[in-house]
Amino acid sequence: MEFMQFLIIILFSPLVNGTIKKFKAGMQGRVGPSIVQPYYDLLKLFKKDMVISNVTSWIFKVAPYVVFASSVTAVMLVPVVTAESSFFMMGDVIALIYILALGRFFMALAGLDAGTAFGGEGSSREMTVTILVEAMMMLSIFTAAISAGSTNIARIAASDYISYSPAHVLALAAFIVAIIAETGRIPVDNPDTHLELTMIHEGMILEYSGRYLAIIEWAQYIKQMLLFTIAIDVFLPFGISMSNQPLHIIISCGIYFVKILFITFLMAFAESTRAKLRFFQLPSLLGGAFVLALLSLLTYTIMGK
C-alpha cells in the first residue's frame with residue numbers, strides 16, 4: 001500500500017474537483033452537476049478526435065505528456081496516508097516545487113507555440129503569477145521545515161513539531177493563497193470562463209482538444225489534490241499513519257478524506273463569497289500573501305516556535 005498510495009490522488013482527483021463544484025452549486029442555491037461529472041468529461045474528451053493547428057511544433061504535442069508526467073512524479077514524492085515509503089527519500093520540497101515548475105514551463109511554451117493572441121496572453125499571465133507564487137509557497141513551507149529540521153515532506157508530516165504558533169498560522173494563510181493561485185481559482189483565476197479578459201490557465205490550453213485536452217485537465221485535477229495533500233502534510237499532519245499496518249492505514253485513509261473534504265468546502269466557500277480580481281490587482285493579493293509568508297519565517301526566527 002505504501003508504494004501505491006499515490007494512486008489515491010491520481011484516481012480521486014477528478015472526484016475532488018466535482019465535489020468543489022457541488023459545494024459551490026449548493027452555496028449558490030443550484031442543484032449543480034454530479035460529483036462524478038469530471039470523470040464523464042474526461043472520458044468524453046478521450047473519445048473525441050483532435051484538431052491541431054498546422055503552425056504548431058513538437059512542443060505543442062509533447063507538452064500535455066510532460067505536464068501529466070510532472071504531476072504524477074510529484075505525487076509519488078508526497079505522503080498521502082502513511083509517512084513510510086522508500087519513494088519519500090527524494091521528496092524534498094524544493095525538488096517538488098521545481099518538478100511542478102517543469103510542467104508549467106512546457107504549458108507556457110505550448111500556449112506560445114500555437115501563435116494565437118489568447119495563448120500568448122495566457123502564458124504571459126501564468127508566468128507573472130508564478131513569479132509571485134513560487135517564492136511565497138517556498139517561504140511558507142520553510143517555516144514548517146525549520147520546525148521539523150528537514151525539507152523532506154515525509155519527515156515534516158512525521159514530525160511532532162505542530163503547535164499552531166503564530167508563525168505557523170501566518171504560513172498556513174500564505175499557503176492557502178498560494179493554492180488558490182496555483183490551481184487557478186477565484187479570486188485569482190476563473191476555471192469556468194473563457195472570457196479573454198479573465199483567462200490565465202484557460203488561455204494557454206484554448207487550442208487543445210480531444211485526448212490532449214483530457215490529459216491536461218486530468219493533470220490539473222492531480223495538481224490541485226496534490227497541493228491540498230501538501231497542505232495537510234505540512235500544516236495538518238495529525239492522523240497520518242507512521243507504519244504500514246493495514247488497520248493504521250485504513251484509519252489514516254478515513255482521516256485524510258475528511259481533511260480533503262474540509263479543504264474542498266473551504267475552496268468552494270472562498271469561490272462563492274469572492275469575486276474574481278482584475279489582473280492588475282493580483283500583485284496586491286499575492287504580494288500581501290508573500291509578506292505573510294515572510295513574517296511567518298521572521299516570527300519563527302525571533303520567537304523560536
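This is a predicted model: local features need pLDDT of at least 70, side-chain atom pairs count only at pLDDT 80 or more; totals for chains, interfaces and linings use all residues.
Start with the packing of helix α5 against helix α7. Helix α5 covers residues 117-148 and helix α7 covers residues 166-182. The two pack at an angle of about 145°, and their axes sit 9 Å apart. The crossing of α5 and α7 is left-handed. On the α5 side, the residues in contact are Val129, Val133, Met136, Met137, Ser140, Ile141, Thr143, Ala144 and Ser147. They meet Ala167, His168, Ala171, Ala174, Phe175, Ala178, Ala181 and Glu182 from α7. Sorted by class, this contact is made up of 12 nonpolar, four polar and one charged residues.

On to the charges. Side chains of opposite charge can pair when their charged atoms come close. Searching the whole structure turns up seven salt bridges. Arg104 takes part in a salt bridge with Glu126, where the closest N and O atoms are 3.8 Å apart. That pair links distant parts of the chain, since Arg104 belongs to helix α4 (residues 93-113) and Glu126 to helix α5, 22 residues apart. Arg104 is buried at 7% relative accessible area, and Glu126 also counts as buried, at 12%.

Arg104 has a salt bridge with Glu134 as well, at 2.9 Å from N to O. Because Arg104 lies in helix α4 and Glu134 in helix α5, this pair ties together parts that are 30 residues apart in sequence. Glu134 has a relative accessible area of 17%, so it falls under the 20% cut-off for buried.

Then there is Glu182, which forms a salt bridge with Lys223, with 3.0 Å between the closest N and O atoms. Glu182 is in helix α7 and Lys223 is in helix α9, so here the parts tied together are 41 residues apart in sequence. Glu182 and Lys223 are both buried. Through salt bridges that share partners, Arg104, Glu126, Glu134, Glu182 and Lys223 are joined into one network.

Glu217 is another story. Glu217 is placed in helix α9, which spans residues 210-235. Glu217 is buried yet has no salt bridge. The nearest side chain of opposite charge is Lys21, and that one is 7.6 Å away. A salt bridge needs the nitrogen within 4 Å of the carboxyl oxygen, so Lys21 is out of range for Glu217. Leaving out residues up to four places away in sequence, Glu217 touches Leu42 and Ile205.

Technical notes: Residues are numbered from 1 along each chain as its sequence is written. Side-chain values use heavy atoms; hydrogens and water are left out. Axes are lines fitted to C-alpha atoms, for helices over the stretch in contact, and angles run from 0 to 180 degrees between N-to-C directions. Helices (H or I, at least four residues) and strands (E, at least two) are DSSP runs, numbered from the N terminus. A crossing is left-handed if the near helix is turned anticlockwise from the far one by less than a right angle, and right-handed if clockwise. Contact means heavy atoms within 4.5 Å. Ala, Val, Leu, Ile, Met, Phe, Trp, Tyr, Cys and Pro count as nonpolar, Asp, Glu, Lys and Arg as charged, and the others, Gly among them, as polar. Buried means under 20% relative accessible area, exposed over 50%, partly exposed in between (1.4 Å probe, protein chains only). Lys and Arg count as positive and Asp and Glu as negative; His and the chain ends are not counted.
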